[in-house]
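This report looks at charged side chains and how they pair. Please have the sequence and the model at hand while reading.

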Amino acid sequence: MERWTGVLHVPLSRGGPLFRIAASVILTPSKTLAVRINASLAPVSSPQSLKLPDAGQVPRANAVLFTGDRVRGTGEPAIERLSDAAYLAGLLAGKLAAGEANAWVVDAACFAGPYAVYRELVPSVDTVGDPKRYDPSGLPAAAGVANILTQCIREIQNKIMRGSLKDSASNQEPTALLLPPCPPKTIVLGFSKGGVVVNQLVTELSCWASESTKNSVDVSQRSTVLLIHDLLVPHTASDVLSGISAFHYLDVGLNCAGAYITDHAVIKEIANFVSRTTDNLRFSLHGTPRQWSDPNRPWILTEKNTMLQLLQDEAKKYEGRLIVSEKKYFDGRPRNLLMHFEILEVMDIC
C-alpha cells in the first residue's frame with residue numbers, strides 16, 4: 001500500500017504558533033490521495049467517472065496521537081526513537097485497521113522548557129501545560145483537531161501537486177472512490193502529557209452530546225456538505241466529535257490532578273450519547289508501573305481507578321455499546337522511563 005509520509009507545520013490561526021504534525025497517509029496506486037464519496041451526493045454525470053474502490057486504498061480511520069513532554073539526552077536509543085513523531089506515525093499506521101488508517105502524530109505547538117503546553121486546544125492549562133480544569137466552552141480541541149487535519153490534507157495535496165512524489169501522477173486531484181456514505185472514524189490517543197487533549201475532547205463530547213439532545217439534533221449524522229478534500233478528515237468540531245470511535249489513554253500522568261476524567265456527569269452523558277447512536281465507543285486505559293505505581297504521585301492511580309469504575313458502571317447499562325478496557329504493560333518490572341516510552345511500541349489498540 002502506497003503512503004505519503006512526512007512532517008508538516010501548521011498553525012490554528014494566522015500568525016499563531018505552529019503544531020508539528022508527523023503524518024502517514026494512504027495513497028492510491030496512482031499516488032494520489034484517496035477519498036470516499038457518496039454516490040447520492042455526486043453530480044449525475046460523475047458516477048461513471050468515479051473509480052470503483054479497492055478496499056485497501058481508502059482510509060477507514062484517522063488516528064490522532066498527541067505526544068507529551070520532551071525528553072532529551074537520556075542516552076537510551078529506544079527512548080530517542082520513540083520520541084520521534086515521524087517514527088511514531090509509521091508505527092501507529094501499522095497498528096490500526098490492518099494498515100488502512102491515516103496516522104497523525106501531534107506535538108504541542110508550545111513548550112515551556114521540556115513541558116508540552118497544549119493551550120490552543122486546552123485553554124485552561126497553566127504555564128507548564130497542567131490543566132486547571134477541562135472547560136468545553138467553544139469546543140476548542142474538537143475545532144482545533146478539525147482545523148489541523150484539514151490544513152494538513154491541503155498541505156499534503158499541495159506537495160503532491162508540486163511534484164514532490166516525482167511521478168506522472170503528481171498533478172492529479174484526489175481520486176474519488178464510489179462508496180457508501182461512511183466517513184472515516186476518528187481514533188484519539190494521548191501519550192503521557194498528551195492525555196490532557198484526550199480529556200478535553202471527552203469533556204467536549206459530553207457537552208456537545210448534551211446540547212445536541214436539547215436541540216433535537218440527530219447525532220448519528222455528520223455533515224454532508226463537504227468538499228472532496230474534506231472527505232478524508234473531519235471538517236468541523238461536530239464532525240470530529242460525532243466520528244470518534246475510540247479514546248486511548250497511553251500511560252498518561254501529570255504532576256497534578258487531572259490525568260483522567262473523574263466527573264460522573266461527563267461519563268454519564270457520553271454513555272447516553274452512545275445509546276442514541278448506531279456506533280460503539282471504546283475507552284481503553286493503558287498503563288505501566290511508571291505511572292500507575294508511582295509512590296510520589298498516588299493520585300494518578302486513584303484517578304485511573306475512578307474513571308475505570310465510572311465507565312464500567314455505565315457500560316453495564318448499554319449491552320456492549322460502550323466498550324471499556326484496562327491494559328497493563330510490564331507489570332512486575334521496576335519502574336523506569338524506558339517502559340513509559342516502550343508502551344508506544346507494544347500497545348494493543350485494535
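Which residues are linked in a network of salt bridges? In this predicted model, the network is made up of Asp294, Arg297 and Arg335.

## The network

Arg335 lies in the loop between strand S12 (322-328) and H9, while Asp294 lies in the loop between helix H7 (289-292) and helix H8 (298-315), so the pair ties together parts that are 41 residues apart in sequence.

The two partners can also be described by their accessibility: Asp294 is buried, with a relative accessible area of 8%, whereas Arg335 is partly exposed, with a relative accessible area of 35%.

A search of the whole structure finds 11 salt bridges, and one of the pairs is formed by Arg81 and Glu345, whose closest N and O atoms are 2.9 Å apart. Because Arg81 belongs to helix H1 (residues 77-82) and Glu345 to helix H9 (residues 337-346), this pair ties together parts that are 264 residues apart in sequence.

Arg81 counts as partly exposed, at 32% relative accessibility, and Glu345 also counts as partly exposed, at 27% relative accessibility.

## Glu314 and Lys317

A further salt bridge joins the side chains of Glu314 and Lys317, with an N to O distance of 3.3 Å. Here Glu314 is buried, with a relative accessible area of 2%, while Lys317 counts as partly exposed at 47% relative accessibility.

Key:
Residues are numbered from 1 along each chain as its sequence is written. This is a predicted model: local features need pLDDT of at least 70, side-chain atom pairs count only at pLDDT 80 or more; totals for chains, interfaces and linings use all residues. Side-chain values use heavy atoms; hydrogens and water are left out. A salt bridge is a side-chain nitrogen of Lys or Arg within 4 Å of a carboxyl oxygen of Asp or Glu. Helices (H or I, at least four residues) and strands (E, at least two) are DSSP runs, numbered from the N terminus. Buried means under 20% relative accessible area, exposed over 50%, partly exposed in between (1.4 Å probe, protein chains only).
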